[in-house]
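My entries follow in the order I made them.

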Amino acid sequence: MIKAVTGTKDILPSEINRWYYLENIVKEVFINFNYKEIRTPVFEETALFARGIGEETDIVSKEMYTFLDRSETSITLKPEMTAAVVRAYIEHSLGTLQPLNKLFYISPMFRQERPQAGRFRQFHQFGAEAIGSTSPLLDAEMIEMSYNIFKRLGLKDLVVKINSLGVPQSREEYKNKLREFLSDKKDMLTEESRKRFDKNILRIFDSKIESDQKIMKDAPLLIDYLDEESKNDFDTVKEYLTKVGIPFVVDSALVRGLDYYTKTTFEVISNKVGSQSALCGGGRYDLLIEELGGKPTPGVGFAAGMERILLACENENSFALSAPSIDVYLVKLQPGPETALSAGKLELELSRIASELRSNNISSDYDYIGRSMKAQMREANKLNAKYVLFIGGDEYSRGELLLKNLADGQQKTFSKDDINRIISEVRQ
Ligand code: HAM
């Protein structure tokens, strides 16, 4: 039997209402902050991500789904959206239409990571990118939007971590300090961290290994080496978050796994999802647009993992959804003695009435597999139908349809030629 590929999963009808619920909140919050949705293709030319995210990052060097298509073009399934959004921003000259573009997205992403709880090879992100302003208020806005979404989902056990990576110049100076600090400790680092020492020294802070962490505990902190502008911007972010009542911690080891960040970075962590605890992450990327061939333009954004968020909601029991329901289930009875209609004709009449209800936006369904009346009633209950409309039997012989309200058991009859009255009754 062929099964879904490792690290991918089906979202089944039994789970879909949770996804709708999440997606609706996401859209409401983004629209509330005046962000507009952008949809980009699922795959892009590989060079976009290699250049945008950074050749030395784990994503580019180990995790991308990259293949040659039939015309020998190197294609990659998007592992993240920022590079793709920036590509679209440059390609369509969005910056000439308006100086600041506030964009959001909801989309599948692909990374060949080791699957575990909260980590998949195809997963979904929602996120936002604001391109065209250096204002640190936008950095804070990203944190506020993510926090609002999590709060509206009922999540409580959250930690907002923020940091500033400064500008490349101050970061270089800091990296030299870090190299100096580690020079006589390098041999005690794990192999992975020794590799990072040469390629991407800041990422040593990401090591989960205790011996590495012990060494890094005493390392100089980037936050103490920030340039004046980064420092001021970071202060504004902190001040704004305090003013709007979003608790945060400054974590100077928060370096993030993508190379494009400058100044503010942040993550929101849930203590309810095990080791894959980052619900979202983001930050400023003031050099990326230029790097990808556009005019120098600042940007800031974040993205959140939807599977992880739903897992946190489940583990926190943060929201309950009422069972999905339909408005009307049509139940076919045997044709009455005086009905001229055959069973087949009656069925057609029932489907015509269902069609009329559906055209009037009354959700309806009926039996297609010849079930008994009892079984049809069981189905109506299973579907949580608000009403059952009976067609057939003695009523039908009299030219009437019987409508039963399943909540209170009340029954009413209607002329079979007056579906509009049934519609009004159901709408009440
Ligand atoms: P990221 O930290 O790589 O950032 O991913 C953002 C979020 O996506 C993570 O915090 C996590 O919730 C989720 N995520 C990542 N990988 C997986 C996975 N394998 N399975 C399930 N969930 C996952 C970015 O992608 C940046 N583009 C964010 C950004 C936007 N920065 C600026 N603008």
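**Pocket lining, then a helix pair**

I began with the residue classes in the lining of the second largest pocket, and I counted 10 nonpolar, four polar and 11 charged residues there. The model is a predicted one, and I read every entry here with that in mind.

I then looked up which residues sit at the middle of this pocket. The lining of the second largest pocket comprises 25 residues, and R171, L258, D259, Y260 and Y261 are the ones nearest the centre. For the volume of the second largest pocket I noted about 430 Å³.

Which helix gives the most to the lining of the second largest pocket? I found that helix 7 does, with four residues. Helix 7 spans 168–182, and along with helix 2 (46–53) and helix 11 (288–291) it supplies at least two residues of that lining.

Next I turned to the helix pair. Helix 1, residues 16–32, packs with helix 6, residues 136–152, at an angle of about 140 degrees, and I noted 10 Å between their axes. I recorded the crossing of helix 1 past helix 6 as right-handed.

Last, I listed the contact residues. On the helix 1 side I have Y21, I25, V26, E28, V29 and F30, and these meet M145, N148, I149 and R152 of helix 6. Sorted by class, the contact between helix 1 and helix 6 holds seven nonpolar, one polar and two charged residues.

Methods
Residues numbered from 1 in each chain as written. Predicted model: local features only at pLDDT ≥ 70, side-chain atom pairs only at ≥ 80, totals over all residues. Heavy atoms only, no water. Axes fitted to C-alpha atoms, helices over the stretch in contact; angles between N-to-C directions. Left-handed = near helix turned anticlockwise from the far one by under 90°. Contact = heavy atoms within 4.5 Å. Nonpolar A, V, L, I, M, F, W, Y, C, P; charged D, E, K, R; others polar. 1 Å grid on protein atoms, 1.4 Å probe; cavity = no way out; pocket = protein on both sides within 12 Å on 5 of 7 lines; lining within 4 Å. Points joined across faces, edges and corners; volume = space filled by probe spheres on them.
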